[in-house]
Amino acid sequence: MQMQPPIQYDLALLVISVVIGISAANIALWVAYKFNSTNQKGVITRRINAACLMGIAITGMHYMSMAASHFPSESVSGAASSLDSQWLAITTILSTFAILSVTLILSRFDARENFLLGSVSQLNSKIIHLATFDLLTGLPNRWTLMERIKHTITISKHHNSMFAIFFMDLDGFKTINDSLGHSAGDEILNTFAQRLLQCVRSGDTVARLGGDEFVVLLDNLATSEAAAEMAESVLY
């Protein structure tokens with residue numbers, strides 16, 4: 001501003017106003033982009049909070065900088081006489097409206113992009129889960145079991161430990177399906193899967209190969225007797 005006599009500034013208040021503006025603006029940007037959410041409501045909430053923080057930054061910086069400015073009573077603006085105040089007001093209003101419009105449009109596109117990315121990520125997770133786990137029981141499927149067996153063999157060779165594999169199927173399961181229906185058969189498979197999980201350790205693998213065929217993979221066994229004891233617990 002071209003003022004005569006010039007504006008006098010309080011250096012301490014001026015520095016505080018700059019710190020307030022930078023700090024609050026960075027916090028607002030951190031809130032807007034740090035906590036990613038695939039929920040549209042969550043995205044809107046984050047943007048509202050960020051907008052409020054940005055408003056605090058602008059307001060705090062403005063009033064603090066005005067408090068730091070001291071205008072002598074006889075000060076005159078050197079640029080005031082060459083400007084049309086009405087034209088300046090119209091230009092400022094139109095510029096502000098254009099900036100706000102562009103910001104809102106970009107914000108809308110950004111929110112939609114985040115929502116689509118979240119949906120794609122969820123879909124990919126579901127596809128991976130369907131490809132690696134049994135749809136009925138939720139147990140690892142044949143492909144996942146083979147990968148875990150390969151990993152167990154490698155670890156066993158490295159640590160010189162033992163592992164065991166139990167294969168089992170349900171006798172008379174076809175008769176149950178034929179007489180009681182597939183829904184009853186599915187319930188029996190689910191119940192059997194849950195009981196198998198209760199018989200083994202938390203780090204062991206219980207997988208379903210398909211139909212009524214199940215496999216239990218036990219790793220990190222000290223002796224063969226430990227595998228025999230686990231087999232007895234599964235049978236009884």
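Me: In which helix is Leu14 found?
Reply: Leu14 is found in helix H1, where a helix is a DSSP run of H or I with at least four residues, a strand is a run of E with at least two, and both are numbered from the N terminus. This is a predicted model, in which local features need pLDDT of at least 70 and side-chain atom pairs count only at pLDDT 80 or more, while totals for chains, interfaces and linings use all residues. Residues are numbered from 1 along each chain as its sequence is written, and side-chain values use heavy atoms, with hydrogens and water left out.

Me: Why does Leu14 count as partly exposed?
Reply: Its relative accessibility is 30%. Buried means under 20% relative accessible area and exposed over 50%, with partly exposed in between (1.4 Å probe, protein chains only), so Leu14 counts as partly exposed.

Me: What makes up the nonpolar patch on the surface?
Reply: Tyr9, Leu11, Leu14, Val15 and Val19 form it, with about 480 Å² of accessible area together. Helix H1 (residues 11-34) gives the largest share, four residues. Patch members have over 30% relative accessible area and no salt bridge, and nonpolar side chains (Val, Leu, Ile, Met, Phe, Trp, Tyr) are joined within 5 Å, like charges within 9 Å. A salt bridge would be a side-chain nitrogen of Lys or Arg within 4 Å of a carboxyl oxygen of Asp or Glu. The areas come from the Shrake-Rupley method with a 1.4 Å probe, and for residues only the protein chains shown count as cover.

Me: Why is the pair of Phe192 and Phe214 called edge-to-face?
Reply: Happy to set this one against its rule. The count comes to one aromatic pair. Its ring centres, those of Phe192 and Phe214, are 5.0 Å apart and the planes stand at 65°. Rings of Phe, Tyr and Trp (its six-membered ring) pair if their centres lie within 6.5 Å, and planes under 30 degrees apart are stacked, over 60 edge-to-face and the rest tilted, so this pair is edge-to-face.

Me: Where in the chain do Phe192 and Phe214 lie?
Reply: Phe192 is in helix H6 (residues 182-199) and Phe214 in strand E7 (residues 213-221), so the pair links distant parts of the chain, 22 residues apart. Phe192 has 22% relative accessibility and therefore counts as partly exposed. Phe214, at 0%, counts as buried.

Me: Why do E5 and E6 stand at the edges of their sheet?
Reply: The open sheet has three strands in the order E5-E7-E6, paired antiparallel. Strand E5 (162-169) and E6 each have a single partner strand, so one side of each is left without a neighbour in the sheet. Strands count as paired if DSSP finds at least two bridges between them. E5 and E7 have seven bridges, and E6 and E7 have five. In these pairings, Asp169 stands opposite Glu213 in E7, and Val206 opposite Val216 in E7.

Me: What makes strand E6 mostly covered?
Reply: Five of the six residues in E6 (residues 205-210) are buried.

Me: Why does Asn160 count as exposed?
Reply: Asn160 has 73% relative accessibility, so it counts as exposed. Asn160 lies in the loop between helix H4 (142-159) and E5, and its phi is near 55°, a positive value in a residue other than glycine. Most residues other than glycine have a negative phi. Asn220, found in strand E7, likewise has a positive phi near 55°, and at 59% relative accessibility Asn220 counts as exposed.
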